Amino acid sequence: MKQLTLLALLLCCYSLSIAQSKYFEKKILWDGNSGQELWQIVPKNGGIYAFLGHAGDESAATYSFFAEIAANGEIINSPVYYEQGDTNLYAAKMLPNELGYVIAQNEDPDNWGDITGYMVFLQVDEHGHILYQRKIGDTTRYNVVSSMVHTPEDNGYLFVGWITINNFYRPYIVKVSANGTKQWEKIINDYTLSLDSRLYDVVRTEEGYFAVGMINSAPNIALGLGDVILAKIDIADGHFTNEWVYDFDDYYGSNTKDWGYTLTTLDDGGFMIGGGKETSPQYGYLIRLDSHKDIVWFNDSINYDCSVRGMQPLSDGSFVATGCATVLYPEVSDGVQVEISKVSSSGALLWKRHYGVDGTDDYAWGMTATPDGGFMVVGRTYDFATQQVPIYLLKTNCMGLLTEPEASFSTTVSTTALTTAFQNLSQFVYPDSTDGGHFIWDFGDGTAPQIDNAAFVSHTFPAYGTYTVRLTAVVCSDTSVVEQEVGVFPVGIY
């Protein structure tokens, strides 16, 4: 069902593309880099997507970049790289604003060594070119930004992450103005005995600002374990006005290290947390919270051996999530594939898809819904043979599949009656599956078109003659139409 084709792109020295042109799986290297990954995707107008990522090779520093890609996965313009000599720059988060985009990144001079690294605020235009930048973190200690959110009250931004103090990690929050000037910073020292406490994502609701992460505190300190934390942040100075801790030790029957990586607000005032359990065996999971921050349901049947890294709420209350999973070839260095799955509004797993090829590890870091009702997933891959790390791109339909419907049918005409039998031979429609498609038959005799998903359909025509029979196969936003001229005549008359 998948066809592999090598493409020679203008900017690429390596590219792998799978399946049809509208939906695809691609792995791309460009500009001579040996390693690249996409961290975030943001839709633009006209079917274009803005991407944030970082790239580099073994002989040079890592640097973040901005790229624009068309709906078919082709690079539109040369990527814009944010380089600063030997300093490593890691992408974290991108938000659109009136000037273009605000980018949060981490500057690290010696790749997590002894030299201090810090958060960086970057304002770019709509095509990623730098307008100005500011160093906003604590410049005396290691600090990392993982996410940010716009603060419309003053048109500024709220950054969350963590800071290193005596080799321990503490939650760290920074507030900046519209132009990136630091207004205040807050180190959360409420967990003074903690070895590893971090914030990973932040959102704004009508109730205020909330962040999700992991808290490692007594009695889990010595064991290196932890629990998911949801915290409400005071926008005036960054202290936690309230917090909720979710401990899954009893659920798993053992001490666990649990992370909350991504946070989404819901229409009913609740939240969805995407995260994972890092202690073996590892699981990714979704945590559905109500407006009181109580758990409504918990699903850990997704992203085996990995964590949820991207979520997309849908209009019917269901959710699509992405990350990675060890599923296909665990004998090859714990081979990893990209996973995209759908969970119902009540937490039931509806479907799960895996992508990747033997000989590579593939990871998804972010996703977005596409205008045609499908999904775009971004991340990176690792090729065991070449030891290269190309960008990973996946575009699917609403079912998480790469296929488009192909309508086809055969006809058996009765020689003694006006009734004709039709066999539906269409492919890639899946009417019996969640989000599956349907078929519309139009027999061309004035009767109303009818939806019928049966493999065999019969129809009685009103009179002898020739009719144009049309079968339309519909899946998600895709349609395929086939027509046949069907002659209905008594024996001996043609």
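This report describes aromatic pairs and charge-over-ring contacts in a predicted model.

Local features require pLDDT of at least 70 and side-chain atom pairs count only at pLDDT 80 or more, while totals for chains, interfaces and linings use all residues. Residues are numbered from 1 along each chain as its sequence is written, and side-chain values use heavy atoms, with hydrogens and water left out.

The structure holds 30 aromatic pairs; rings of Phe, Tyr and Trp (its six-membered ring) pair if their centres lie within 6.5 Å, and planes under 30 degrees apart count as stacked, over 60 as edge-to-face and the rest as tilted. Phe66 and Tyr101 form a tilted pair because their ring planes meet at 50°, with the centres 5.4 Å apart. This pair links distant parts of the chain, as Phe66 belongs to strand S6 (residues 63-70) and Tyr101 to strand S9 (residues 100-108), 35 residues apart. Strands are DSSP runs (E, at least two residues), numbered from the N terminus.

An edge-to-face pair is formed by Tyr382 and Phe384, with 5.5 Å from centre to centre and 80° between the planes. The table gives the accessibility of the residues in both pairs, where buried means under 20% relative accessible area, exposed over 50% and partly exposed in between (1.4 Å probe, protein chains only).

| Residue | Relative accessible area | Class |
|---|---|---|
| Phe66 | 1% | buried |
| Tyr101 | 5% | buried |
| Tyr382 | 24% | partly exposed |
| Phe384 | 26% | partly exposed |

One aromatic cluster comprises Phe248, Tyr251, Tyr252, Tyr283, Tyr285, Phe298 and Tyr304.

Charges also sit over rings (NZ of Lys or CZ of Arg within 6 Å of the ring centre and within 35 degrees of the ring normal). Lys26 lies over the face of Phe24, 5.0 Å from the ring centre, and the charged end of Arg309 sits over the ring of Tyr261, 3.9 Å from its centre.

Technical notes: Helix = DSSP H or I, 4+ residues; strand = E, 2+ residues; numbered from the N terminus.
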